[in-house]
Amino acid sequence: MLRKKLPFLHSLLSPVSRHVGHLAGHQYDVIVVGGGHAGTEAAAAAARVGAETLLITQKIHTIGALSCNPSLGGVGKGQLVKEVDALDGLCGRAGDWAGIHFSILNRRKGPAVWGPRAQLDRQRYRDFIQSELLSTPRLTVLEGSVEELLVTEPNPEEPGHHRVTGIRLANGSHAISAKSVVLTTGTFLSGSLFVGQTTSPGGRIGDAPSSPGLSHTLRERLGLRTGRLRTGTPPRIVKDSVDLSLAKLHLPDSHPTPFSFLNTHTHCKPEEQLPCYLTFTTPGVERVVRESLQLNCHIQQDTKGPRYCPSIESRVLRFPGRSHQVWLEPEGVTSDLLYPQGLSMTMPPDIQLRLIREIPPMRRAEIHTPGYGVQYDFVCPTQLSPALQVKSTQGLFLAGQINGTTGYEEAAAQGLWAGANAARWALSMPTVTLSRTESYIGVLIDDLVSRGVTEPYRMFTSRAEFRTSLRPDNADLRLTPKGFEEVGCVSSVRYQESLRVRNSLQDALTALQALFLSTSSWKKKLPSVPISETKSTLLTGLDLLQYNDVTFEMLASAFPESLSSYMEFTQRLKIEAVYKPHCDLNKKEIERIQREENMSLPQDIDYFSLPVSLSDEVREILDRVRPSTLGAATRLEGITPAAVVNLLNYVRVTEKKKETHRNQRHQEGCGRCKKLTLPVLEMADGGDPAQRSWGNMSG
């Protein structure tokens, strides 16, 4: 249930936001730069792992701000929110606290691709995130702007050409030391704002631009490849100036579904939720766009923007003559503004007003804040490891839009994982990875580091090969134990709850499988269910639960002594039953991919001299991207199946040689082992196993 009580925030700011002078001589484990969705999750995760953490942001009161759409989740994105919550992240619980319109998207399809989504109250969301961060143990928050990274020679025992040792603030007088740094700069890295033909430095209207020194450090000092992307936001409309009776009413779900596995209900009561409204563009909108193109320098540039959330200018130019959806969404319970989703634009403000007044409900609308565009630098993410650490720089981690993604949820997921790994690195623990077979976060990171981006990356369920296993309902079972046992970012309370749920579900499934009856007996128990009696097969309760017309409640009514104690899991058990055949079929493929993921490729390998049959093109791709595992190599564009087989054989032989060498060294150091082991090896092998493997390869 929701237990969050928001303290008076101003009372927290004084002790947490220390004066810079007090921090200059302090050695932190982790410094996080940026207080957006990636930065807040990174800082909180690092502190949960046990690292002394410093979060640096330009303004404390903008921590947790929803820069664009006041919403969370959706198809693919909702899965990320559930997974972040399963790893004890913030955004799921914040969404439950701030949500004012909850809905499950994609309900006409199976539960695996349902998209939990909520419209949010901007102020409530920001208050929740700030309250969480400013009361987190081991976390200090500082207002400031970072000028550059402090870089020194690398640790020779670790891969990399540089090592980060902290940051220098923009005033140039203060350096703050840390063992690792997480950059979550969002749209502020060399950001430029565009409205009409006017351009100004910045990453968000109302905020100061970032220091140019950080981009220079990344490009010139560290030699990282960077690119340029763009995004935009629509104008905010005065609610009272819109005739909502001319738009189609869209009501929320009558029973809101929380994002967090710890919550049984949302802060907003069902009857207090606010509706959204749907309207459409008209030919007049297209006319205004075309007449004003020469006044819009942002749309004329070839910098790539988000394909799946394009500006209205891009939509009109790409799909002429069509009518486009516009959602009118509330910005808060007491807010007097509407957010017109689908009307991102960068034309001059007076032209923006002309455009929105071409849409019937907004004939007399007034603009509170005009829309604008942003262009910003990003770092090509193929230069990162699956832990989101820069391969060439020890202790430097990147998360969010700096990696070429778009969206709050994608940023939060990366932030959590980068923050946890930055803390582990600083505390001399090995970094950890997530496979694409076990999470959407793993899919997201693997896509970024293996394939890179040519446009802002957005998560969809179609990107996950095993989406029937990676469902929103089971994120806690998949990730919470790993987060506690392997990563260290999950609290004991959440972990114990996940074990209770896992054990209860397993007991319930066992009880269902123990109900073993003939079809005629099932027909007597459930007369309303169309069960064919012509088949003489025996069916379990789990088999019956896979029927569309059968619910767990029906089975519990028929067998109360066996099933009534599991009523809190009715929907989860139904989903588990429906997807069990699909998951069973996927197991072999998942195991194959996991084996490939466990086969590491050395980061210092010289692909051009590798004694394996590979084309020059394949060698160039491998040298440029430097995949961490064989599995990552298989997903690179341009890598042929033959190259994968040859790499696989190389990895196997190399591992065999290493194992043989380790055994030989152990035997040389232990006479007793030598006496016991050598005769066995000679009898079993009759020669060098590594030599035989190479011989088999060549044959």
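## Strand β17 and its partners

Two strands count as paired if DSSP finds at least two bridges between them. In this predicted model, strand β13 (residues 236-238) meets that condition with β17, the two pairing in the antiparallel sense over two bridges. Within this pairing, Val 238 stands opposite Leu 337 in β17.

Strand β17 also pairs with β16 (residues 325-330), again in the antiparallel sense, here over four bridges. Leu 328 stands opposite Pro 340 in β17.

## Overall dimensions and composition

The protein chain has 699 residues and a radius of gyration of 28 Å; a compact globule with that number of residues would have a value near 27 Å, so the two agree. Along its principal axes, the C-alpha trace spans about 90 × 80 × 55 Å. The secondary structure of the chain consists of 25 helices and 23 strands.

Of the 699 residues, 56% count as buried. Contacts between residues at least 6 apart in sequence can be split by separation: 73% of them join residues at least 24 apart.

## Surface and charge

The accessible surface of the protein chain amounts to about 30400 Å², and carbon and sulfur atoms account for 52% of this area.

## Strand β4

A further antiparallel pairing involves strand β4 (residues 99-105) and strand β5 (residues 115-120), which are joined by six bridges. Phe 102 stands opposite Ala 118 in β5. Strand β4 is mostly covered, with six of its seven residues buried.

In a regular strand, side chains alternate between the two faces of the sheet. Burial in β4 extends to six of seven residues.

Most residues other than glycine have a negative phi. Asp 88 has a phi near 75°, a positive value in a residue other than glycine. Ser 428 is likewise not a glycine and has a positive phi, of about 60°.

Asp 88 lies in the loop between α4 (77-86) and α5 (91-98). Its relative accessible area is 8%, so Asp 88 is buried, the cut-off for burial being under 20%. Ser 428 is placed in the loop between α12 (408-426) and α13 (440-451). With 70% relative accessibility, Ser 428 counts as exposed, which requires a value over 50%.

## The loop between α12 and α13

Pro 430 is also placed in the loop between α12 and α13, the loop that holds Ser 428. Pro 430 has a relative accessible area of 59% and is therefore exposed. For Ser 428, the corresponding value is 70%, and this residue too counts as exposed.

From Pro 430 to Ile 63 the separation is 367 residues in sequence and 30 Å in space, C-alpha to C-alpha.

Gln 130 belongs to helix α6 (residues 122-134). Its relative accessibility is 6%, so Gln 130 counts as buried. Gln 130 and Ile 60 are 70 residues apart in sequence, with their C-alpha atoms 8.1 Å apart in space.

Ser 504 belongs to helix α15 (residues 492-514). With a relative accessible area of 16%, Ser 504 is buried. Leaving aside residues up to four places away in sequence, Ser 504 touches Tyr 566 and Phe 569. Ser 565 is 61 residues from Ser 504 along the chain, and the C-alpha atoms of these two residues are separated by 9.2 Å.

Methods. Residues numbered from 1 in each chain as written. Heavy atoms only, no water. Rg over C-alpha atoms; globule rule 2.2 N^0.38 Å. Buried < 20%, exposed > 50% of the residue type's maximum accessible area, 1.4 Å probe, protein only. Contact = heavy atoms within 4.5 Å. Areas by Shrake-Rupley, 256 points an atom, 1.4 Å probe, with all protein chains shown as cover.
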